[in-house]
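Please have the sequence and the model at hand.

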Amino acid sequence: MAEESNPLPVLDESPKIPEVLPVLPLRDVVVYPFVILPLSVSREKSIRAIDAALAENRMILLVSQKQVEMDNPGPEDMYKVGTAALIMRVLKLPDGRVRALVQGLQRVRVEYFTETDQLFKAKVEPVVEPEAKGAQLETDALLRTVKQSLEKAVALGKSLPQEVLVIAGNLDAPGRLADLVASNLELKLTQTQETLEIADPIARLKRVHELLLREIELLEVQQKITMEARGEMDKSQREYYLRQQLKAIQQELGEGSELADEIQAFREKLAKVKVPEEVMTEIERNLKKLERMHPDSSETAVTRTYLEWMTELPWGVTTEDNLDLKVAKQVLDEDHFGLEKIKDRLLEFLAVRKLKPDNKGTLLCFVGPPGVGKTSLGRSIAKALGRKFARISLGGVHDESEIRGHRRTYVGAMPGRIVQAIHQVKSMNPVIMLDEVDKIGRDMRGDPSAALLEVLDPEQNNTFRDHYLNVPLDLSNVMFLANANELEPVHPAFRDRMEIIYLSSYTLEEKEGIATTHLIPKQMEKHGVTTKHMALSAKGLRAIITGYTREAGLRQLEREIGAVCRKVARKVAEKKLKAKLAITDKNVHDLLGPVKLLQDERLKAPRIGVVTGLAWTAVGGDVLFVEALSMPGKGGLILTGQLGDVMKESAQAALSYIRSRGDAFGIDPEVFQKRDLHIHFPEGAIPKDGPSAGLAMATVLLSVIKGVKIKNTFAMTGEIDLRGDALAIGGLKEKSLAALRVGVHDIIIPKPNQKDLEEIDPQVRKFLRFHPVSHVEEVFELALEGWVRPDKPKAKAAAKKPAKKGRR
C-alpha cells in the first residue's frame, strides 16, 4: 500500500468505533484522523480485511508495520497505535489488486490482535485526547506560529495543495492542525508514527512544529545552495548546475552518495590484495582526488576507470610452477606430434627453471610457416608449468601506445596490451605469447618493436612503467614467448633479445600422424560424429592431404576433415546412412568434390633448357621449373616471371661466369653478341625472389647455349658467385620434401648445407640422395647429359698422380 496523493482533511465528526475491527497493515504510510487517503492493496489478507469491513460497518483498522519490506507481518511486527478508518470507496482492478479510498476517524490503541488464516482482527480502544491545559493565549500563539511556519515553507518552495493552506487557516483545534501538517510533511515512517502516538494535542502540535522548523531549515539551505550554485554556473552548464544542487543537498543532509559507495568499494578491494607501497601511494592520491570531484564530470569518469584498473590488477597473485619434467614431457607429447628437438629445448628450458627458479632465462621465439603449431606450443608450455596463458596479437599494431599504454589525458585512454593481458588472466606470472611479431607496423606514432625492448629485457622489466598506470609494474616473473612466420621483418635489436627456434613444414608422414592422433578425433567430436558412423582410412587421409591441401601446416587439412565430418553428419541426420561409411581414396571425392590441387610431376624426359629448381615459400617447399631459350638478337638477357632484384642479379652472375669460361666450354664468342638469352620462371603471377636459384639458372643457360639436355632425375638449389662457387641456402628440409613429392630423388645442394641434413627426418632422408657441390661446374657434370668438366683430369692420369685441387 502506498500514498498516491496529498491527503485531504475532512471536517466531519467521527462515528462510534466498534471494539473489534479487521486490520489492514500499511507498509510505508501512516493515516491520521480526519484525513482522506487513496490506498493500493495487493496482499490477500489485506483484501479479505477490506471485504470483511465492507460486509459489516465499513470500518477498518489502519496500522503501520515496523519493517517496510516484510510481506507477511505478524502481530509483533505492527505498531500498537493506529487509526480507525471508514472505507468510502472500493475499486477492484483486473490484476487482482484493490484500490480503496479511506477516511481516518480516530486514534485507537490495540489491546491485542487475533489472527486467522483469512485475516487479522484487533480489539481496540479509542485514544481520548486530554483537554488542553494552560492559557488559551499560549495555545492561540502556537496555532498562529504553526500556520505562519506552514506558509513560510510554501514560500520557500514546499509543494502543498492550495486547499490544505485554506483548511489549515480555518482550523482552531491544536490536534486537528497537528495531524493535518504532519500528514503533509515528508517525514520518515518512525517520525510519522511517533506523532500519531502523541495523544496530547498541544504536545503533538509542538512536536509537529519542531519537524516543520527542520523542514524550513532544509528549504533555506536548499535556497542558499541554489543561489550559490547559480552564481557559479552559466547558461551552458544548466544540467551540471542541477546535479550540483543534488550533491549539495546530499552533503547537507549527511546522506551517502553513489560516488562515496564506489570509493568505499575500491578501498575494500585494496584491503584484499598486496599492493606495493609506491602503487598504494598513487591509488590513495587518486582516491582523495575522486572524493572532491563531481560524480558526472568527464574527469571523474577518467579517474574512476583508472582506479578500476588499479584495483582489479592481480597485485601479489601468482600461480605455483609445476616443474616436474615428466609431466611436462607428457603434456608436450599429448599436444604435439613429433617436434622432438623443439620438445628437448623446451624441457631444457624448464629444467633450468627448476634448478634456478630466479633465472630470467631467454625469450623463446618460434619461427615457422602458418599452421605448424607455434601458438599451441606456448599454450602447452603454460599447461605444463601450471600457469595462466595469454596471447597478444601484434599483427598490424603500429602505435607504441598499444604496448606502453595511453596517457590519461582523455576519456577513452587504456593501458597497453601487456597490462591488459595480466588483468585478463588475473595472475602476475602468466605465460604471454607475443603473436606475429614479424607483422608489427611502424609509423609516426612510434615503433612498437622498440617499446617491446623494455618489456623483454630481464634487466629492465621489473620496473616496467605503463603510461596509463604510471606506476612500476614487475614483469620479471612473466614468461614471454614470441612467434613469427619470418625473421627478416623483425627489428634487429628485438631479434637480438630472442632465442630463435625454427619450426619447419610438416612432412606427409607427420601430417598423417597428427591427423590420426589429434585432428580426426577433434573434428568428429565437434560435429557429433562417432566411429560408428565413419572411418577414415590411411589411404583416404593421404588422398585428402595430397589432393586438397598444399600447406606447411595443418589448418586447411583440418578444414577438409571438418568438411568430411559435416557430410557424414548430414547423412546421419537425414537417416540416409545405413551402415558405417568407410572413406578411402576411391570415394573421398564424393564428399569433397573434384581434386583441388594437381600435384607437380617431375619432367618426363631430359630436355634442353629446362631444369628442376627448388624454392622455399611461407607454406613450405615447392618445385620451380626454370626455362631458357636462345634466339637471334644482340646478346641481351631477358628475365620474366616477376623476379625480384636478388634473382635478377643471380642470373647476371650466372651468365657472366659462363661468358668468362666460354673458351673452356667451347662456346663461340659470337653467341654472346648475336643471340639473346631468355630465362623464364613459370607462374608469373607469383612474385619470386631469394638467393637460391643461381646454380639452376647457370645450368639452364649452359644447356641452351651448348644444346645439352638436362637430366630430369635431378633437382637443385643453391646460389652462385662470380667465381662459380656454390653458396649456402636456407629451407633445405622444405625443399627436400618438395622434391620427394614430385618423385625426384637426387638433389644437388651446396656443400656448406651438408650440416643441415641432420634436420631432415631419417624416414624422409632414406628416399633421397643428396649431392653436395662446392662449385657450379660440379653441378654441370652431374646434371648435364654427357658433360665432362674441361679441366677435369683423365682417369689414368689421376691414378699416377693426384690432381691438384683447383681454386674454388
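The model is predicted: local features need pLDDT of at least 70 and side-chain atom pairs count only at pLDDT 80 or more, while totals for chains, interfaces and linings use all residues. Residues are numbered from 1 along each chain as its sequence is written, and side-chain values use heavy atoms, with hydrogens and water left out.

**Helix pairs**

Two packed helices are described by the angle between their axes and the distance between the axes. Helices (H or I, at least four residues) and strands (E, at least two) are DSSP runs numbered from the N terminus. Axes are lines fitted to C-alpha atoms, for helices over the stretch in contact, and angles run from 0 to 180 degrees between N-to-C directions.

| Pair | Angle | Axis distance |
|---|---|---|
| α3 (162-170) and α4 (174-184) | about 160° | 10 Å |
| α9 (277-291) and α10 (298-312) | about 150° | 10 Å |
| α18 (508-526) and α19 (538-548) | about 115° | 10 Å |

Helices α3 and α4 are therefore roughly antiparallel (an angle over 145 degrees). Their crossing is left-handed (the near helix is turned anticlockwise from the far one by less than a right angle; clockwise would be right-handed). Val 164, Ile 167 and Ala 168 of α3 meet Leu 177, Leu 180 and Asn 184 of α4, where contact means heavy atoms within 4.5 Å. By class, this contact has five nonpolar residues, one polar and no charged (Ala, Val, Leu, Ile, Met, Phe, Trp, Tyr, Cys and Pro count as nonpolar, Asp, Glu, Lys and Arg as charged, and the others, Gly among them, as polar).

Helices α9 and α10 pack at about 150°, which makes α9 roughly antiparallel to α10. The crossing of α9 and α10 is left-handed. Contact residues include Ile 283 and Leu 287 of α9, and Tyr 306 and Leu 307 of α10. The contact of α9 with α10 has seven nonpolar, three polar and three charged residues.

The crossing of α18 and α19 is right-handed. Among the residues in contact are Leu 508 and Ile 520 of α18, with Leu 541 and Arg 542 of α19. Five nonpolar, two polar and four charged residues make up the contact of α18 with α19.

**Cavities**

The structure holds two cavities of 30 Å³ or more. On a 1 Å grid over the protein atoms alone, a cavity is a set of points where a 1.4 Å probe fits but cannot get out, and lining residues have an atom within 4 Å of a point. The second largest cavity has a volume of about 30 Å³, the volume being the space filled by probe spheres set on the points, which are joined across faces, edges and corners. Its lining includes Leu 26, Val 63, Val 81 and Gln 193. Strands β4 (59-64) and β5 (81-92) and helix α5 (189-197) are the elements that each give two or more residues to this lining. The lining of the second largest cavity has eight nonpolar, four polar and no charged residues.

Terms used
Angles under 35 degrees count as roughly parallel, over 145 as roughly antiparallel, 65 to 115 as roughly perpendicular and the rest as oblique. On a 1 Å grid over the protein atoms alone, a cavity is a set of points where a 1.4 Å probe fits but cannot get out, and a pocket is an open set with protein on both sides within 12 Å along at least five of seven lines; lining residues have an atom within 4 Å of a point.
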